[in-house]
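Welcome to this short tour. Have your viewer open and your selection tool ready, and we will go from stop to stop together.

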Amino acid sequence: MRIPGLRRHSPDRASTDAAEPREEEPPVGVAQRARGSIRRHVPIPSAEDLRRAAIDAPTVRENLLPAIPGPQVADETLVLRVLDLALRIGEVQLATGAGAAVAHDTMLAVAGAYGLPTCDVDIAFSTITMCCHRGVEAGPVTTMRNVRYRTQDYTRLATVDALIKDIVDADVPLTSAEAFERLASAVEAAHPYPRYVAGLARSAFASAVAVLIGGGIGVALVTFVLTAVIWGIARWLGRRNVPLFFQQVFGAMVVTTTAIALASSGALLDSPAFVVAAGIIVLLTGLSLVGLVQDAITGFPLTAAGRAVEVVLSTAGLLVGVVVSIKLAAAVGGPSALSYALVVPNDLTPQPDVKSLVAAAAAGLFFALSAYAPWPSLPVAGIGGAAAWAIYAISYDHGMGQVVASALAAGALGLIAMVLPQRLGLPPLVLVVAGIAPLLPGLSLYTGFSQLATDGTGVTGTGSTLGTGSVTILLALTVSLGLAAGVSFGEQVGWPLAKAQRRRLPVAARSRRPRIF
């Protein structure tokens, strides 16, 4: 290779050097091979060479030197194993609701712990691609995985979180074989308690929410039974690969039709809106609203757009189910049945009284139980639910409005989750999601849906309600985004505080892992 301004070695000198005997040297390592390659292609100039180069300086284009290879990788098999391990860990995090930024940082941290510092990660909603660069003398290694499922299993998330800690925080990380074995055990392990326990907990969560938004004992009992029914239908449809949109439609139709029928027959004395609102909240809890806002804020717009489409389609499924059910009730039962569907209380001011705080704590605890959270985290989830409701009710009472009050409660939860000691071993996502789940605007959504269902009928005495219903639905979606944005803001504020906490710990006890949710 010719370098401008430098002389080539003459053939005589090269042959003379080749004829001289050389002593046997030890095997050449990776770094030595890299330095030897550079010396072969870029010979070291002498003082005479440098003097001539200074006299006859070449142009800028001719003066460009070959790129020097970066960090070398000794074993390509090890690279593939580490990349696959990092991809599988990121897949579990994304599938359980973590943000793309969390999975991105975790995968880079895992690769760096095994000696691969020059890696790139690209996350596009359901696709994860990871590339390891190996300099200019060896081709990069690239692999990818698809996130084909979404689940709520916080015990599995906690197990994988402990594995990440043992890889990233340890001076000598686990071997790749041990890490793969532990990851496989975490993913394939059975749930910590039977599925029917999680199903009963989901129904109890819906009953607590129904009481929290103003329903009575009868509403709580009806909600308990209907939640078990719609959850069973959702599981049956999911096993047959029915899209989530139609699962939401069928679930909303079952709960709305049954609630209106019970109210029309006199079996349900309270408004059926409480039952439908609680059912809507249950169907909304499976959506990753927090991950959506986090991805948009932390620089993953493509992933955020994918999550947004998922949320919008799921909400549209609820809209279709509720509107179709109200139309059917009007066609079958007449104006009387329709009047029951339109009874929506509008003056329900949240109160931080004992009844509401107990219902909020029960909602947080039962939601965590339904999501297979570890047993020690259940009391924390209950406390988080009560604290979030107290902050929300007090802020609302001081004129903050529903959107701001919800965001403040979610921000406080995000901050608390970040500064919780990591030695507790509790997934922070449990506290956050369990705390904000009772605050989801199920009643506002049902109000907007019912207003759209009566568009142009004049039943409410106000003529067309299309504009009013659209504004109400937009307000409900704004509250949901406010909850997610509040959690993200609390994380952004709490992250520096968490790092300051770790700096006060002994060096051996400090965590080097990235953000935790």
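Predicted model: local features only at pLDDT ≥ 70, side-chain atom pairs only at ≥ 80, totals over all residues.

**Stop 1: a buried threonine**

Select T227, which you will find in helix α9, running over residues 217-239. Is T227 buried or exposed? Its relative accessible area is 1%, and because the cut-off for buried is under 20%, T227 counts as buried. Now show its side chain: this reaches the backbone oxygen of T223 at 2.7 Å. Leaving out residues up to four places away in sequence, T227 touches R202, S203, A206 and V282.

**Stop 2: the largest nonpolar core**

Next, select Y154, F205, V275, I280, V322, I326 and Y446 together. These are the residues that touch the most other members of the largest nonpolar core, which has 88 residues. Which helix gives the most to this core? Colour residues 272-284 to see the answer: helix α11 contributes eleven residues.

Stay here and zoom in on Y154. Setting aside neighbours within four places in sequence, Y154 is in contact with T96, F367, A371, Y372, A373, P374, P427, L429, V430 and V433. There is also another core, lying apart from this one, with 37 residues that include V79, L87, A101 and L116. As a general remark, nonpolar side chains tend to be buried together in soluble globular proteins.

**Stop 3**

V79 sits in helix α4, which covers residues 76-95. Its relative accessible area is 0%, so V79 is buried.

**Stop 4**

For the last stop, select I213, L348, P350, Y392 and L443. Of the 32 residues lining the second largest pocket, these lie nearest its centre. How much space lies in the second largest pocket? About 690 Å³.

Now colour the helices around the second largest pocket. Two or more lining residues come from each of α8 (195-212), α14 (354-370), α15 (377-397), α16 (401-419), α18 (442-453) and α19 (466-503). With four residues, α18 gives the most to this lining. Colour the lining by residue type to finish: 18 of its residues are nonpolar, eleven are polar and three are charged.

Technical notes: Residues numbered from 1 in each chain as written. Heavy atoms only, no water. Core = buried A, V, L, I, M, F, W, Y, C linked by side-chain atoms within 4.5 Å. Buried < 20%, exposed > 50% of the residue type's maximum accessible area, 1.4 Å probe, protein only. Contact = heavy atoms within 4.5 Å. Polar contact = N/O pair within 3.5 Å; in protein donor to acceptor, adjacent residues only side chain to side chain. 1 Å grid on protein atoms, 1.4 Å probe; cavity = no way out; pocket = protein on both sides within 12 Å on 5 of 7 lines; lining within 4 Å. Points joined across faces, edges and corners; volume = space filled by probe spheres on them. Nonpolar A, V, L, I, M, F, W, Y, C, P; charged D, E, K, R; others polar.
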